[in-house]
Amino acid sequence: MKKKIAGVCIVVILLALLGSSVVVTAENEYRLVRQFGKISRVIDTPGISFKIPFIQSTDTFPKETLLFDLTPSDVITRDKKTMITDSYVLWRISDPMKFAQALNGSVTNAESRINTSVYNAIKNAISSLNQDEVITSRDGELSKMVMSRIDDNLNEYGIELLMFETKQLDLPDDNKEAVYERMISERDNIAATYSAEGKSEAQVIQNTTDKEVAIKISEAKKQAEILVAEGEAEYMRILSEAYDTEDKQDFYSFVRSLDALKASMSGGDKTVILSEDSPIAQIFAGY
């Protein structure tokens, strides 16, 4: 019986030793192995590993991306106006060894460092802009300015800042309405200026177009008159060539007289009375 009890005790002790020596590392965490308080190694791959029981201990640090929501704070613009900023950052532990040594492995300590560094960057970025520029700045511009001003000393703590975003950038309640009214008035003035410049430019274009159209019409009429005159001259030249002898001229007179008689006889029964010396009467008389 004593042997059985001793055997069970030994098995229990072995299992306890085995259990205390197994280290299970999840995918979203780092495992820091310490030996007598000193960092021995870092386990950054998921799976099972081992440590020396009772001599080595482990600490767990988050490996995933973390969100830190900064406390809303007041900042001063370049034109000495107060604004309230509310923002957040995404960060992660990039070097668990440095993180443990510099910040004692505390996420709270890390967030305190981030808060100081980011607030200073926000203050420097906004202090370089007027209030109107801050209010009318396009999405992403302010975030880029802040990220470019964040100190690189966060790397010394094993921290990597992934992204900065502003949730809200607002005016204090006591002067918000006055600022908005002033901005609306300024935008109205700018719009009126653009409208006046547009109308002036449109009038210039209209006048220029009307002038060009009038010139083209005048040139077209001039060209048409030239063509008519040339056509009449050509007509007279052709007639002159066609009736350049006395017989041809008599024939032309004969044809024109017949045309005149035909025109006078149109429109019903009519009688034409001609004198003997009339060219038409001479045609019928055979003179």
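## Strand pairing, helix crossing and selected residues

Phenylalanine 68 has valine 89 in S8 as its bridge partner. The model is predicted: local features need pLDDT of at least 70, side-chain atom pairs count only at pLDDT 80 or more, and totals for chains, interfaces and linings use all residues. Residues are numbered from 1 along each chain as its sequence is written, and side-chain values use heavy atoms, with hydrogens and water left out.

**Overall make-up**

The protein chain holds eight helices and nine strands. Helices (H or I, at least four residues) and strands (E, at least two) are DSSP runs, numbered from the N terminus. Of the 287 residues, 23% count as buried. Buried means under 20% relative accessible area, exposed means over 50%, and partly exposed lies in between (1.4 Å probe, protein chains only). Contact means heavy atoms within 4.5 Å. Among contacts between residues at least 6 apart in sequence, 64% join residues at least 24 apart.

**Strands around S8**

Two strands pair if DSSP finds at least two bridges between them. Strand S8 covers residues 82-93 and pairs with strand S6, residues 66-69. The sense is antiparallel, over four bridges. Strand S7, residues 73-76, also pairs with S8 in the antiparallel sense, again over four bridges. Strand S9, residues 159-170, runs antiparallel to S8 and is joined to it by ten bridges. In that pairing, leucine 90 stands opposite methionine 163 in S9.

Serine 73 lies in strand S7. It stands opposite threonine 85 in S8. At 18% relative accessibility, serine 73 counts as buried. Leaving aside neighbours within four places in sequence, serine 73 is in contact with Met83, Ile84, Thr85 and Tyr119.

S7 and S8 form a hairpin with five residues between the strands. Lysine 80 lies in the loop between S7 and S8. Its phi is near 65°, a positive value in a residue other than glycine.

Asparagine 104 lies in the loop between H2 and H3. It has a positive phi of about 60° although it is not a glycine.

| Residue | Relative accessibility | Class |
|---|---|---|
| Lysine 80 | 70% | exposed |
| Asparagine 104 | 62% | exposed |
| Serine 73 | 18% | buried |
| Serine 143 | 10% | buried |
| Serine 257 | 14% | buried |

**One aromatic pair**

A search of the whole structure finds one aromatic pair. Phenylalanine 61 and phenylalanine 99 form it, edge-to-face, at 5.4 Å centre to centre with 75° between the planes. The pair links distant parts of the chain. Phenylalanine 61 is in strand S5, residues 56-62, and phenylalanine 99 is in helix H2, residues 96-103. They are 38 residues apart. Both phenylalanine 61 and phenylalanine 99 are buried. Rings of Phe, Tyr and Trp (its six-membered ring) pair if their centres lie within 6.5 Å; planes under 30 degrees apart count as stacked, over 60 as edge-to-face and the rest as tilted.

**Helices H3 and H5**

Helix H3 covers residues 107-126 and helix H5 covers residues 141-149. Their axes come within 8 Å and cross at roughly 125°. That angle makes H3 oblique to H5. Angles under 35 degrees count as roughly parallel, over 145 as roughly antiparallel, 65 to 115 as roughly perpendicular and the rest as oblique. Axes are lines fitted to C-alpha atoms, for helices over the stretch in contact, and angles run from 0 to 180 degrees between N-to-C directions.

The crossing of H3 and H5 is right-handed. A crossing is left-handed if the near helix is turned anticlockwise from the far one by less than a right angle, and right-handed if clockwise. On the H3 side, Ala121, Ile122, Asn124, Ala125 and Ile126 take part. They meet Leu142, Met145, Val146 and Arg149 in H5.

Serine 143 lies in helix H5. Leaving aside neighbours within four places in sequence, serine 143 is in contact with Phe164, Glu165 and Thr166.

Serine 257 lies in helix H7, residues 246-265. Serine 257 and alanine 281 are 24 residues apart in sequence. In space they are 9.8 Å apart, C-alpha to C-alpha.
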